[in-house]
Amino acid sequence: MSRMGILLGTAIIIWSGLTAGFGLYLQTRCARYLDRGSASFFALSQITYPNAAVIFDAAIAIKCFGVGVSYLIIIGDLMPGVVQGFTSDVHGLQFLLDRHFWVTGFMLIVIPLSFLRRLDSLKYTSVIALISIGYLVILVVAHFAKGDTMQERGPIRVVQWAGIVPTLSSFPVIVFAYTCHQNMFSILNEISNNSPFRTTSVVTSSIGSAAAIYVLVAITGYLSFGNNVAGNIVGMYAPSVASTIGKAAIVVLVMFSYPLQVHPCRASVDAVLKWRPTGKSESRNSSPSRAGSSPLLPSAKGSSPKGDGMGEVRFAAITTGIIVLSYIVAMTVSSLEKVLAYVGSTGSTSISFILPGLFYYKISSPDSQHHQRLMKEDDDGGVASDDEEDEGLLGGRSSKSGSWRRKLLRRLSLALAIYGFVVMVTCLISNTFFIVAH
């Protein structure tokens, strides 16, 4: 907000939410072309761009690994301050101010969570993380309502912006704030009601609530400090029990977010290790596409999604490798800001925009055998198509309008992929200028 102004900043937050939500929606559409419970970036790559599958999954693995390591670094940086906030007398307990101690301690907590196979098993820790987010939102809004930061507040920009360069430097932060696409296929594999209406509702509610929180915190936080606002607004508040609890809430949030990065990282590493160059005919026969089975369509009671396909030893080995490597990096490196800037610019844009757009554009082609099989099975089984169930979203009832909507959706998916490439280039350029400037 300090660089874009309230009007432009709010518009970009909403726009970024819409584009991220559309990417998630395309993932739900793509998943229908695969067997129930087998949806993944690797599986889609096998039936669209088989020889590029290893590149896609490697990018996802590196991105998730880097974000996971950054969470551990944040814990190590914040916990000494949390300790000093609760008690100033740490004589004889200097280890409590050592970042390595806290990284090790919290690592012992997240290790068991990282070995859970299903995202559903993390629902209780996710609730705790959401409570932490709720507290942080209340903290920011309460300080704004109280007006105890007015003496430190700088000028306010409502319409005017700081310029193109400062705006572009902040743009990647907003775009990547919505990145959750690496876990979307796991959610689609595990969700009990996988109808198009249900999955679209999940995407809408998730992105909508996130956008509302971002706008609320951005505006109230900016109005509290004006152009003097910093990246970590919690650290700007006067020392108090409330602000110290806020720092602890951030620690809890990133701690329980770490397993959510290990999960897709493990799946992508497994896919990279299994990948072998294949020809077109071979990839068609080996991919888990629809072949008389029931994918993400309403299924009979008692049916259950497939597992992740990893044996116990392989699962444990890959998970252990990710945990050990992330721990070593977090213990030896105090900042990954420059590396993560480039990893996020490539990995996050690929996951959020480029891959969903390219996958759907390729697989939904009228000439695609997978698309033709899906349409035939829907007709033979008397199952409502996505276009019929998404009637409230896109409008229209006739088969003619349904065909028109499918064509429009394909064009929009291609536009999303192109937009992703533009965002990637923009982020890489802005990151380069930022590093050179500093």
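Select Asp270 and Arg314. Their side chains form a salt bridge, with the closest N and O atoms 2.4 Å apart. This pair links distant parts of the chain: Asp270 sits in helix 9, Arg314 in helix 11 (residues 312-332), and 44 residues separate them. Keep in mind that you are viewing a predicted model.

Asp270 is buried, at a relative accessible area of 3%. That value counts as buried because the cut-off is under 20%. Arg314 is partly exposed, with a relative accessible area of 32%.

Keep Asp270 on screen and select Lys274. Which contact do the side chains of Asp270 and Lys274 make? They meet in a salt bridge, at 3.3 Å from N to O. Both residues lie in helix 9 (residues 241-274). They are four residues apart, about one turn of the helix. Lys274 is partly exposed, with a relative accessible area of 41%.

Show the three side chains together. Asp270, Lys274 and Arg314 are linked in a network of salt bridges. Asp270 pairs with Lys274 and also with Arg314. Side chains of opposite charge can pair when their charged atoms come close.

**Move to Arg99 and Asp77**

Next, select Arg99 and Asp77. Their side chains meet in a salt bridge, 3.7 Å from N to O. Where do the two residues lie? Arg99 is in helix 4 (residues 99-114), and Asp77 is in helix 3 (residues 53-86). They are 22 residues apart, and the pair links distant parts of the chain.

Is Arg99 buried or exposed? Arg99 is buried, with a relative accessible area of 15%. Asp77 is partly exposed, at 46% relative accessibility.

The count of salt bridges comes to five. Among them are Asp270 with Arg314, Asp270 with Lys274 and Arg99 with Asp77.

**Finish at helix 1**

Select residues 6-31, which make up helix 1.

Of its 26 residues, 20 are buried, so helix 1 is largely enclosed by the rest of the structure.

Definitions and conventions: Residues numbered from 1 in each chain as written. Predicted model: local features only at pLDDT ≥ 70, side-chain atom pairs only at ≥ 80, totals over all residues. Heavy atoms only, no water. Salt bridge = Lys/Arg side-chain N within 4 Å of Asp/Glu carboxyl O. Buried < 20%, exposed > 50% of the residue type's maximum accessible area, 1.4 Å probe, protein only. Expected span 1.5 Å × (residues − 1).
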